[in-house]
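Q: Could you take a close look at one part of this protein for me? I'd like to hear how the side chains in there sit together.

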Amino acid sequence: MTYQNILFEELEAGIHLLTVNRPKALNALNAETLDEIAAALARVGQDPAARVLLVTGAGDKAFVAGADIAQMQAFDSARAQAFSERGNRTFRAIELLPVPAIALVNGYALGGGCELAMACDWAIASERALFGQPEVNLGVVAGFGGTQRLPRLVGRSLAMELLTTGRLVKADEALRIGLVTQVVAPEQLRDKGLELARTIAAKGPAAVRLTKQIVQRGQDMDLVNACQQEAFAFGLCCATEDQKEGMQAFLDKRPAKFHGR
Ligand code: CAA
């Protein structure tokens with residue numbers, strides 16, 4: 001498949017990079033871009049050798065400056081709802097992806113851009129990053145999961161403040177409130193993302209995949225059932241050669257060599 005609005009590449013074995021690529025519109029998400037993201041996610045999801053997905057925006061100004069306002073302006077209610085459902089479906093697919101997804105936030109992450117970063121398993125940011133849910137300025141609510149993921153990430157009070165005032169959050173505050181896990185210089189962002197991806201790719205693949213699955217599913221479960229799915233996954237890991245290798249390597253005082261079996 002050829003893409004018009006995203007770049008999708010395998011940087012190294014198992015490490016995929018998805019770049020939203022509409023820099024002239026600050027990488028705004030229109031319906032076509034959402035569909036291309038969904039197609040790329042499906043490719044990663046179907047690849048048994050995939051280890052990590054990195055997500056970023058093209059250019060040095062924006063990660064994603066939101067859903068495409070030019071496209072949305074003429075929406076009637078039915079089209080708006082369908083667009084919101086399309087975005088929500090696409091972003092949910094990131095959470096359902098079998099491998100971790102890390103957002104590399106290189107600039108504006110507004111509206112749908114903040115929502116894209118939050119749908120990833122975690123985000124790291126450049127010092128230039130700016131986050132926010134400014135939809136109320138446009139007379140709409142957030143439409144790609146922001147009203148739900150923001151309170152889950154930063155707590156209800158702060159989420160309500162941000163969602164109703166449209167206040168923008170700089171990288172240092174984003175770090176403090178838990179929107180991102182680290183902030184780096186702009187020129188280090190990609191290397192830092194790659195370093196994280198390499199670290200993860202060197203671990204037991206089944207353990208990493210199962211960790212993502214049980215963390216993501218566990219968010220919507222009660223604690224007893226969530227811990228039960230953890231026990232089940234722990235049992236599954238112990239049916240792999242990689243578990244035998246990982247534990248034997250520890251006992252032998254040598255690095256483990258995982259083979260994904
Ligand atoms: N949709 C469509 N086009 C956008 C856009 C968006 N979300 N954000 C920026 N652009 C376009 C601008 O229209 C402009 O295009 P032209 O050059 O053709 O005029 C180009 O990108 C550059 O933008 P600016 O000239 O505005 O750049 P700036 O540096 O002066 O300002 C900015 C940058 C503060 C991010 C400003 O562009 C801005 O406020 N953008 C909109 C942010 C926003 O409101 N996002 C939420 C969208 S709604 C949403 O996302 C709903 C949802 O939850 C699904």
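Is Phe-8 buried or exposed?

A: Phe-8 is buried, because its relative accessibility is 18% and buried means under 20% relative accessible area, with exposed over 50% and partly exposed in between (1.4 Å probe, protein chains only). Before going on, bear in mind that this is a predicted model, where local features need pLDDT of at least 70 and side-chain atom pairs count only at pLDDT 80 or more, while totals for chains, interfaces and linings use all residues. Residues are numbered from 1 along each chain as its sequence is written, and side-chain values use heavy atoms, leaving out hydrogens and water.

The whole structure holds four aromatic pairs, counting rings of Phe, Tyr and Trp (its six-membered ring) with centres within 6.5 Å; planes under 30 degrees apart are stacked, over 60 edge-to-face and the rest tilted. Phe-8 pairs with Tyr-3 edge-to-face, at 6.1 Å centre to centre and 80° between the planes. Tyr-3 is buried too, at 17% relative accessibility. Elsewhere, Phe-75, Phe-83, Phe-91 and Phe-144 make up one aromatic cluster.

Phe-8 also touches Leu-53, where contact means heavy atoms within 4.5 Å. Leu-53 belongs to strand β3 (residues 52-57); strands (E, at least two residues) and helices (H or I, at least four) are DSSP runs numbered from the N terminus. With 0% relative accessibility, Leu-53 counts as buried. Leaving aside residues up to four places away in sequence, its other contacts include His-16, Leu-17, Leu-41, Val-44, Val-99 and Ile-102.

Step back and Leu-53 turns up in the largest nonpolar core, which has 51 residues; Leu-53, Phe-63, Val-105, Phe-131 and Leu-179 have the most contacts inside it. Such a core is a set of buried Ala, Val, Leu, Ile, Met, Phe, Trp, Tyr and Cys residues joined through side-chain atoms within 4.5 Å. Helix α1 (residues 31-46) supplies the largest share of this core, six residues. Apart from it there is another core, of 14 residues, with Leu-17, Leu-54, Leu-104 and Ala-197 among them.
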